[in-house]
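Visitor: I am new to this structure and would like a short tour. Could you take my questions one at a time?

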Amino acid sequence: MARAMTGSQIRESYLKFFESKGHKILPSASLIPANDPSLLWTAAGMVPFKPYFTGAAKPETLRVTTCQKCIRTPDIESVGKTARHHTFFEMLGNFSFGDYFKKEAIPWAWEFVTGVLGISPEKLWITIYLDDDEAFEIWRGDVGIPEERIVRLGKDTNFWEIGVGPCGPCSEIYYDLGEARGCGSEECGVGCDCDRYLEIWNLVFIQFFRDEKGEYTPLENKGIDTGMGLERTASVIQQAATNFDTDIFREIMDFTATKTGVAYGQNKDVDLALKVIADHCRAVTFAVSDGALPSNEGRGYVIRRLIRRAVRFGRTLNVSTPFLHEVAGAVIKQMGKAYPELGNNNKHIMNVIRTEEERFGETLVQGTEMLNRIIAEAKSSGKSDINGQNAFKLYDTYGFPLELTVEMAREQGLEVDEDGFAGAMEQQRNRARSARQETEYISEKDALYRNVRDELGETKFTGYGDRESTSRVLYLVKGGKRVNSAMAGEEVEIILDITPCYAESGGQVADHGKITSPTLEIEVYEVYKPVEGVHVHRGKVLGGSVMAGDTVTVQIDDQRRRAVARNHSATHLLHRALKEVLGDHANQAGSLVEPDRLRFDFTHYTGVSGEELDSIEQIVNRAVLSNLKVESMEKTLDEARAMGAAALFGEKYGNVVRVIRMGDFSLELCGGTHLSSTAEVGLFKLIGESSVGAGLRRIEAVTGEGALKYISAKENQLNEIARITKSMPHELVQRVDAMAREIKELEGEAEALRARLASYEVQSLLDQARELSGARFLAARVSSPDMDSLRAMADLIRDKLGSAVVVLGSAAGEKVNLVAAVTQDLVPKGLHAGKLVKEIAPLVGGGGGGRPEMATAGGKDPSRLQEALDKAYSVAAGQVKG
């Protein structure tokens, strides 16, 4: 029997065990993959090390062990309903990058599982790939596993590969949960779809490279990628029926149960809610800590959906006020020791979650209003149900739960077409599947440049100090293929041995420049790094020709580089100023540094006030005027952190990092190009502040010549306004204020005159009213500037006529407005303003509708307005007959 261990003890034991085997313990990488747009989330322990396995980067150490936080969301609806589905989980792993292989990895796995965790060998089974005889011999000969407990499985389960790139066979350790958890079939065994056999360890032997043709070549440097799920291992050690019954989840679930006044284990619906809330809150807490924010796309949409789903389940526990941020506090308390970033970002996490909870509360109100309209329309049409498309629209647009739609509909005597809802949901999933393309482990083009680096070495970047270099052309690419030369007029990609050109990264745009020789001129308009260590120069041959092996001169556009550097250095000053004014939670969430402007995204919960923006701008400009020395230095990552250097969310740093210091004001990790003094920024001017998502703000600014141009343009605007208003620029505020007051007074007088004219017009219209089944009817064309005025006139006439139907129309240019009003006493007789305008609006080329008492419509054919008004009487008379 396994020894009882907490989740924290299992995590610590694993890391210490592999540390004793020569592995370096690394902290978990961010849930937001660094420099990998192909991935939405870090979903496995190997993701941060993908460049090492592909050969795109070189590791600092060949043996690593981690506990990686992961998010996977393909089966959100299954969370809480099964024993092991989660959106957030921890993956324990040990990795070898060309060091040890199967001979070491397999015995260590067995030693940890049986020796450290104390799991009985009699409960364990082993799987290997069909023809992996090497693994079989190690399990049987070295470890001593009986042959009958080693199961060979096929490629679908025991061979790991994702498109082009490194791949290899797998070997797994399974735990037998016993016959009671099985399917009862005589065929039941390891690999069966039932719950009896639980995989707790997966060894991936990375020993082949799969090329574009699907052919496998043995790798010279083989690797190991191990994964052990912490939650499922804890369920085995603690003999828990599900992962949710381990201490990892129970502490959070018990907090929620106490908070909501319920108990776990007494009601299956309550248990489901507690499980979903705990799981989703873990995912959201960690994701927000790593820089993700709720939004309507990408990972932000995932966060929004998880929060809203957790809030929805909270409603089933009768919680109607924000509470999820408090559950996040329980997650931080439980996990903060293992992941100190949670404690450091405590306030930020809870504020983001609470803000999103409150927003969802507002959307629930909007969704309820829409549902009430749908219910009213269904009942007025004599329908007995709400169609599935409408129910899905509520769910998709407002996050309105199907269960709530069903409940509210039944209160009004209606059912919901749940099959139609499921069909609409499946259509959306199919669209998502068709849009989602399988991401290759390494693209064909990336593989090309990786091979170039392996063959010719890395590009030496000299651009931090040099603006020009004498270089040798190593490689030419046209149309994705290697070529020996390129001629005038052709576009080409060039790899050099040395370059001063900065490749786009970290939000900073690439350098532009020229590659020349006595017989050659190439305009370089893009520089990028497809793999680490390789600078690719994309440009057009303006004259002459270029061949591999040529010696050339490379020059950057120095004026453009200096403009970019001004804006980049200014972002560091801005970041520091934001923290001083708004608080330490104001962290960089993205940036764009171009020659003519800078854009800076940061975490903050509300709009930045004008006073705060003034303070931020003043702080930056004081730092500029202080002429602070800008220094760059190389440090180990640990040294940089010890210095207090700010690192950015989602960025991946090697063991040696570049630190940019600006006096005592700013200290950040950064690989970009900078000034030598803050004074070279010249002038910093904020030009905009806006929202780009919940909890995420954006500032735009200009510096140097860009700031001078901006101020000059503003001065020109002021001078023009002064000319128009016949005043001096320094008198404009008072002049415009006086003009605004005068305009307001004139508008008041005009409104009063319009009201008097309208009353005269109304009086004359009353005499035109006709008799309609004992009531009065009036349809008339009137002069009205807008729909609001037209509606007000219809109200007035209706009130004066008593029991009446009023239809008014007006035209302005090519636009037609129609209003119908019916007194309350006529509605039971069948008169309906909404249906009336709906029938006459097509005559003026439009449409509309509304309530029985009041409705509006629009059109675009004024020539037929009178025809529409003439038809109104017969339509109204027909309603009474009906």
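Visitor: Which handedness does the crossing of α7 and α8 have?
Guide: This is a predicted model, so please read each value as computed from it. Helix α7 covers residues 247–260 and helix α8 covers residues 268–289. Their crossing is right-handed.

Visitor: At what angle do the axes of α7 and α8 cross, and are the two helices roughly parallel or roughly perpendicular?
Guide: The two axes come within 9 Å and cross at roughly 115°. Angles from 65 to 115 degrees count as roughly perpendicular. The pair α7 and α8 is therefore roughly perpendicular.

Visitor: Which residues of α8 meet α7?
Guide: From the α7 side come I248, F249, I252, M253, T256 and A257. The residues of this contact divide into 8 nonpolar, 1 polar and 3 charged. On the α8 side, the residues are L274, K275, I277, A278, D279 and R282.

Visitor: How do the residues in the contact of α7 with α10 divide?
Guide: Helix α10 spans residues 324–335, and its axis comes within 10 Å of that of α7, crossing at roughly 150° in a right-handed way. From α7, the contact uses D247, I248, E251, I252, F255, T256 and K259, while α10 brings E326, V327, A330, V331 and Q334. They divide into 6 nonpolar, 2 polar and 4 charged.

Visitor: Where is Q239, and what is its phi?
Guide: Q239 is found in the loop between α6 (230–237) and α7. Most residues other than glycine have a negative phi. Q239 is not a glycine, yet its phi is positive, near 55°.

Visitor: What is the phi of S773, and is this residue buried or partly exposed?
Guide: Look for S773 in the loop between β29 (770–772) and β30 (775–781). Its phi is positive, about 50°, although S773 is not a glycine. With a relative accessibility of 47%, S773 counts as partly exposed.

Visitor: Is H572 buried or exposed?
Guide: You will find H572 in helix α17, which runs over residues 558–582. Its relative accessible area is 3%, and buried means under 20%. H572 is therefore buried.

Visitor: Is D75 buried or partly exposed?
Guide: D75 has its place in the loop between β2 (63–71) and β3 (88–97). The C-alpha atoms of D75 and L448 are separated by 36 Å, and the two lie 373 residues apart along the chain. With a relative accessible area of 38%, D75 is partly exposed.

Visitor: Stepping back, how many helices and strands are in the protein chain?
Guide: The chain has 882 residues, and buried ones make up 49% of them. Its C-alpha trace spans about 105 × 80 × 50 Å along the principal axes. The protein chain holds 24 helices and 34 strands.

Visitor: Among contacts with a separation of 6 or more, what share do residues 24 or more positions apart account for?
Guide: Here we count contacts within the protein chain, with heavy atoms within 4.5 Å. Residues 24 or more positions apart account for 68%.

Methods. Residues are numbered from 1 along each chain as its sequence is written. This is a predicted model: local features need pLDDT of at least 70, side-chain atom pairs count only at pLDDT 80 or more; totals for chains, interfaces and linings use all residues. Side-chain values use heavy atoms; hydrogens and water are left out. Axes are lines fitted to C-alpha atoms, for helices over the stretch in contact, and angles run from 0 to 180 degrees between N-to-C directions. Helices (H or I, at least four residues) and strands (E, at least two) are DSSP runs, numbered from the N terminus. Angles under 35 degrees count as roughly parallel, over 145 as roughly antiparallel, 65 to 115 as roughly perpendicular and the rest as oblique. A crossing is left-handed if the near helix is turned anticlockwise from the far one by less than a right angle, and right-handed if clockwise. Ala, Val, Leu, Ile, Met, Phe, Trp, Tyr, Cys and Pro count as nonpolar, Asp, Glu, Lys and Arg as charged, and the others, Gly among them, as polar. Buried means under 20% relative accessible area, exposed over 50%, partly exposed in between (1.4 Å probe, protein chains only).
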